[in-house]
Amino acid sequence: MGKGGEKTEQSGECSTKTFGVYTWEEIQKHNLKTDKWLVIERKVYNITEWSKRHPGGTRVISHYAGEDATDAFRAFHPEPDFVRKFLKPLLIGELDPGEPSQDRDKNGEILQDFRQLRETVEKMGLFETNAMFFIMQLGHIILFEILSWLLLYFLGTGWINTLICTVLLTTSQSQAGWLQHDFGHLSVFKKSKWNHLLHKFVIGHIKGASANWWNHRHFQHHAKPNIFKKDPDVNMLHVFVLGKTQPVEYGKKKLKYLPYNHQHEYFFFIGPPLLIPVYFHIQIMHTMISRRDWVDLVWSMTYYIRYFSMYAPFYGVLGSIAFISFVRFLESHWFVWVTQMNHIPMDIDSEKYRDWLTMQLSATCNIEQSAFNDWFSGHLNFQIEHHLFPTMPRHNYWKASPLVKSLCEKHGIHYQEKTLWQGFKDIVSSLKTSGNLWLDAYLNK
């Protein structure tokens, strides 16, 4: 209970605005759907109603109900003073002076050292954007789009020209995926509103997808990476079993939606080929329509209008549909191998309430730096630095990397870095390991 004033509780909201003093034991009770509190910088906030209006989505903020959200708050908000205006009406009290700043069994020294690291990289200017870098990124995306159309216009639609055009569009779409990721994370402009606008332009007009769909899904992944029921990227809809605990649970319960001991084989047929052209496409359209997200739907439609205006004269409507489907098929392979090599081989489990640094390092790994790897992965070869500092412009990850390594060495936290090829191999080997764990539990437990 609060110790610094009377407090009347209802189903999540306080009927009076009495400022209280609370213990962690009391705060941790308020992690229900109808009753959500969290702590930021030792201040206690009731987010029950606000979570429904939270710009990043209801789920991402709700994942921290009953917890300290200080590091997550700092990670996601490049304009913290502006955001605190919205927090002020939600303030209901503060931590009891006798309570530590960290909740549960989190290591206070790690927390303090990481926060000092964040202050260091801020002072180094690593959150400052190189405008020319992002101009070049957008420029080469548009250039590939123009070249693909000019190729068909001047040289015709023969098989060789069509294949070259496919490669150009696949590259453009994949690189646009990395660029929308930058805007979505508010890592380009100082003002969030410009990031939001350019995010809608790139993901909507250039790619035909939804900014809000991406935000609500991807921010959850960053807030609680590789954590079942919180990270949508590890919700495999019974198609795959991941990590070391889920396969055993499925096996003990005799759950066999698919032959999981062969998942490392059927992954090649239903993973990379289908994620973007089938699953994501259906989910995006369903989300925009069901949530009546008409703004994103209009942005998406401008892509399809532009695409069919450009390519229907060459291939006809059905031919254009087949053409873009093949581009999506190739793009999907690119996307899946790049994004999963950093996460699937890592620890995937239920909530363990770790500190920000430990949680992110257990769920992410890096791929060796090279000019090709940086370009090919949109700098997501620096997945560790990206997860620790999601609003940092990607061209600065390499500068933060040595500092992160040093901090990890100090606290005995494993900082994984591997080759690109090893990253690809580890996806398959981890799926095989999880599948074998399922089979053993299914047959013997």
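**Close-up views of a predicted model**

**View 1. A nonpolar patch on the surface.** In this predicted model, eight side chains are named in one nonpolar surface patch: Leu237, Phe268, Phe269, Ile270, Leu274, Val278, Tyr279 and Ile282. Together they have about 740 Å² of accessible area. Two elements give two or more residues each to the patch: helix H11 (263-270) and helix H12 (275-290).

**View 2. Isoleucine 282, a member of the patch.** Ile282 belongs to the nonpolar patch. Isoleucine 282 sits in helix H12. Is isoleucine 282 buried or exposed? Its relative accessible area is 55%, so isoleucine 282 is exposed. The cut-off for exposed is over 50%.

**View 3. The second largest pocket.** This pocket holds about 790 Å³ of space. Its lining has 36 residues. Closest to the pocket centre are His54, Pro55, Gly56, His77 and Val83. Which elements supply at least two residues each to the lining? They are strand E3 (35-40), helix H2 (58-62), helix H3 (70-76), helix H4 (80-87), helix H8 (192-206) and helix H9 (211-223).

View 4. How many residues of the lining of the second largest pocket are nonpolar, polar and charged? The lining divides into 23 nonpolar, 10 polar and 3 charged residues.

View 5. Glutamate 41 lies in the loop between E3 and strand E4 (43-46). Strand E3 also supplies at least two residues to the lining of the second largest pocket. Most residues other than glycine have a negative phi. Glutamate 41 is not a glycine, yet its phi is positive, at about 50°. With 32% relative accessibility, glutamate 41 counts as partly exposed.

View 6. Arginine 292 lies in the loop between H12 and helix H13 (294-340). Helix H12 also gives two or more residues to the nonpolar patch. The phi of arginine 292 is positive too, at about 55°, although this residue is not a glycine. Its relative accessibility is 63%, so arginine 292 counts as exposed.

View 7. Where does glycine 412 lie? It is in the loop between helix H17 (397-411) and strand E7 (417-418). Glycine 412 has 68% relative accessibility, so it counts as exposed. Asparagine 212 is 200 residues away from glycine 412 in sequence. In space, the two are 38 Å apart, C-alpha to C-alpha.

Note on methods: Residues are numbered from 1 along each chain as its sequence is written. This is a predicted model: local features need pLDDT of at least 70, side-chain atom pairs count only at pLDDT 80 or more; totals for chains, interfaces and linings use all residues. Side-chain values use heavy atoms; hydrogens and water are left out. On a 1 Å grid over the protein atoms alone, a cavity is a set of points where a 1.4 Å probe fits but cannot get out, and a pocket is an open set with protein on both sides within 12 Å along at least five of seven lines; lining residues have an atom within 4 Å of a point. Grid points are joined across faces, edges and corners, and a volume is the space filled by probe spheres set on the points. Helices (H or I, at least four residues) and strands (E, at least two) are DSSP runs, numbered from the N terminus. Ala, Val, Leu, Ile, Met, Phe, Trp, Tyr, Cys and Pro count as nonpolar, Asp, Glu, Lys and Arg as charged, and the others, Gly among them, as polar. Patches are made of residues with over 30% relative accessible area and no salt bridge: like charges are joined within 9 Å, nonpolar side chains (Val, Leu, Ile, Met, Phe, Trp, Tyr) within 5 Å. Accessible areas come from the Shrake-Rupley method with a 1.4 Å probe; for residues, only the protein chains shown count as cover. A salt bridge is a side-chain nitrogen of Lys or Arg within 4 Å of a carboxyl oxygen of Asp or Glu. Buried means under 20% relative accessible area, exposed over 50%, partly exposed in between (1.4 Å probe, protein chains only).
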